[in-house]
Amino acid sequence: MTDFAASDLAAIYPAPSPRVIAKARPEIDAHAKKFIGMSPFCVLATSGLDGSVDASPRGGNPGFIHVAGPKALLMPDRSGNNRIDSFRNIVEGSGFVQLIFFVPGIDETLRVGGKGKVSVDPDLMASMVEFGKPPRAVLHIDVHEAYFHCGKALMRSKLWAGETRVERAVMPSIGEVIHDQTGLGERESQEVIYERYKTQL
């Protein structure tokens, strides 16, 4: 495998069309706002000071990420595994973030890029109670760019098609996986997962 330069990539891939360039907007418009309001799931990507990259799944009720304005998103942070990779990257690194929003049944996705900062403002957290609990913190994102991806990836993967749905039994439970990976007793592994989910929900 050889290292590719920009000129090599340009020889393989044609330049994007003007329409593709134009669809990248500098803010959240009405279409993006509606999509975010329907989305129960997104992936948050951040980069660390050392150049490492993290991608973290985030979910809640549809619209769990709030559109606070054309240039602002508010993401509540619920209980998880306490690794806080994303927040550590934001606080210690550049602060730049990328999100991809999904809406079940829609093949297109929405990508939003910007710069994040972490807030623990009590009034803000009190306004974002979900599952009966306020978030531990709120990620405020200053939006720099938003654009819709075409549905080719999800169409090729048949992500929303019923016939591609995998039966849960084909994969070990998360407790069994942790037991195999760490050597923790299976019961102890299950208890760890149960306590995590209990506090999250």
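Q: Where in this predicted model is the place of I84?
A: I84 sits in the loop that runs between β4 (72-77) and α4 (85-92).

Q: Why is I84 called partly exposed?
A: Its relative accessible area is 39%. Buried would need a value under 20% and exposed one over 50%, so at 39% I84 falls in between and counts as partly exposed.

Q: What makes the phi of I84 worth a look?
A: I84 is not a glycine, yet its phi is positive, about 45°. Most residues other than glycine have a negative phi.

Q: Which loop holds K158, and what is its phi?
A: K158 lies in the loop between α6 (152-157) and α7 (174-182). K158, also not a glycine, has a positive phi of about 55°.

Q: How do you know whether K158 is buried, partly exposed or exposed?
A: Set its relative accessibility of 46% against the cut-offs: under 20% is buried and over 50% is exposed. The value lies in between, so K158 is partly exposed.

Q: How many helices and strands does the protein have?
A: There are eight helices and seven strands. The C-alpha trace spans about 55 × 45 × 40 Å along its principal axes.

Q: What share of the residues in the protein is buried?
A: Of the 201 residues, 29% are buried, that is, under 20% relative accessible area. The accessible surface comes to about 13,000 Å², and carbon and sulfur atoms account for 58% of it.

Q: How far apart are the mean positions of the positive and negative charges?
A: They are 5 Å apart, for 23 positive and 24 negative charges.

How values were computed: Residues are numbered from 1 along each chain as its sequence is written. This is a predicted model: local features need pLDDT of at least 70, side-chain atom pairs count only at pLDDT 80 or more; totals for chains, interfaces and linings use all residues. Side-chain values use heavy atoms; hydrogens and water are left out. Helices (H or I, at least four residues) and strands (E, at least two) are DSSP runs, numbered from the N terminus. Buried means under 20% relative accessible area, exposed over 50%, partly exposed in between (1.4 Å probe, protein chains only). Accessible areas come from the Shrake-Rupley method with a 1.4 Å probe; for residues, only the protein chains shown count as cover. Lys and Arg count as positive and Asp and Glu as negative; His and the chain ends are not counted. The place of a charge is taken as NZ of Lys, CZ of Arg, CG of Asp or CD of Glu.
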